[in-house]
Amino acid sequence: MAPRNKEQEQEVLNWIFNVLGEPVPSGDYEDILKNGVVLCKLMNKLAPGSVKKIQERGTNFQLMENIQRFQAGMKAYGVPQEEIFQTADLFERRNIPQVTLSLYALGRITQLHPEYNGPSLGPKMAEKNERQFTEEQLRASEGHLNLQMGYNKGASQAGHGGFSNTRHM
């Protein structure tokens with residue numbers, strides 16, 4: 001498990017509450033996020049109506065459903081499944097750094113949504129940089145052999161005795 005990074009956690013909280021237009025509450029990172037209410041509100045702010053029901057209070061099972069609804073919202077919004085944390089990572093505090101990484105992934109994905117004009121989280125995504133080469137440019141490199149391609153400029157194993165056929169006198 002990766003070590004926790006308090007600065008990243010604070011950056012995530014600042015981003016979430018900036019998007020929500022609310023002040024960051026006091027308390028521990030995982031306690032603020034644990035019941036999923038804040039996360040569901042965030043998802044609805046990013047994609048209105050994506051979380052239909054938010055349990056403000058209830059049993060552990062009901063609160064865990066908030067997290068699951070948020071996760072479904074993240075996936076629908078475009079966050080790859082492999083970047084979405086498991087419910088127990090947050091609710092049972094099993095892997096808080098993974099929760100942070102997932103929220104960074106969500107922040108990154110907002111950049112792909114032109115309708116989103118709120119605050120950003122994390123680095124800017126790379127933009128497509130296609131290059132066009134002429135047929136002549138592509139052919140110019142065909143005759144080149146280089147060391148990266150495994151060409152070894154005449155080196156051989158001649159004279160190398162290997163392990164069993166060396167002579168020691």
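Author: Happy to! Read along the sequence, the chain follows the pattern α-α-α-α-α-α-α. That is seven helices and zero strands, where helices (H or I, at least four residues) and strands (E, at least two) are DSSP runs numbered from the N terminus.

A word on the basis: this is a predicted model, in which local features need pLDDT of at least 70 and side-chain atom pairs count only at pLDDT 80 or more, while totals for chains, interfaces and linings use all residues. Residues are numbered from 1 along each chain as its sequence is written, and side-chain values use heavy atoms, with hydrogens and water left out.

Now to the part you asked about. The structure holds eight salt bridges, each defined as a side-chain nitrogen of Lys or Arg within 4 Å of a carboxyl oxygen of Asp or Glu. Arg4, Lys6, Glu9, Glu30, Asp31 and Arg93 are linked in a network of such bridges.

Let us start with Glu30. Its side chain meets that of Arg4 in a salt bridge, at 2.7 Å from N to O. This pair links distant parts of the chain, with Glu30 in helix H2 (residues 29-33) and Arg4 in the segment before helix H1 (6-20), 26 residues apart. Glu30 counts as buried because its relative accessible area is 10%; the term buried means under 20%, exposed means over 50%, and partly exposed lies in between (1.4 Å probe, protein chains only). Arg4, with a relative accessible area of 33%, is partly exposed.

Glu30 has another partner in Arg93, and here the salt bridge spans 3.9 Å, N to O. Arg93 lies in the loop between helix H5 (87-91) and H6, while Glu30 is in helix H2, so the pair ties together parts that are 63 residues apart in sequence. Like Arg4, which is partly exposed, Arg93 is partly exposed, with a relative accessible area of 39%.

Glu9 and Lys6 bring us to helix H1. Their salt bridge has its closest N and O atoms 3.8 Å apart. Both residues lie in helix H1, three residues apart, about one turn of the helix. Glu9 is buried at a relative accessible area of 4%, whereas Lys6 counts as exposed at 58%.

Elsewhere, the charged end of Lys34 sits over the ring of Phe91, 4.8 Å from its centre. That description requires NZ of Lys or CZ of Arg within 6 Å of the ring centre and within 35 degrees of the ring normal. His113 is placed in the loop between helix H6 (96-109) and helix H7 (135-140), and counts as buried at 18% relative accessibility.

Finally, the whole chain. Buried residues make up 33% of its 169 residues. Residues 24 or more positions apart account for 52% of the contacts with a separation of 6 or more, a contact being heavy atoms within 4.5 Å.
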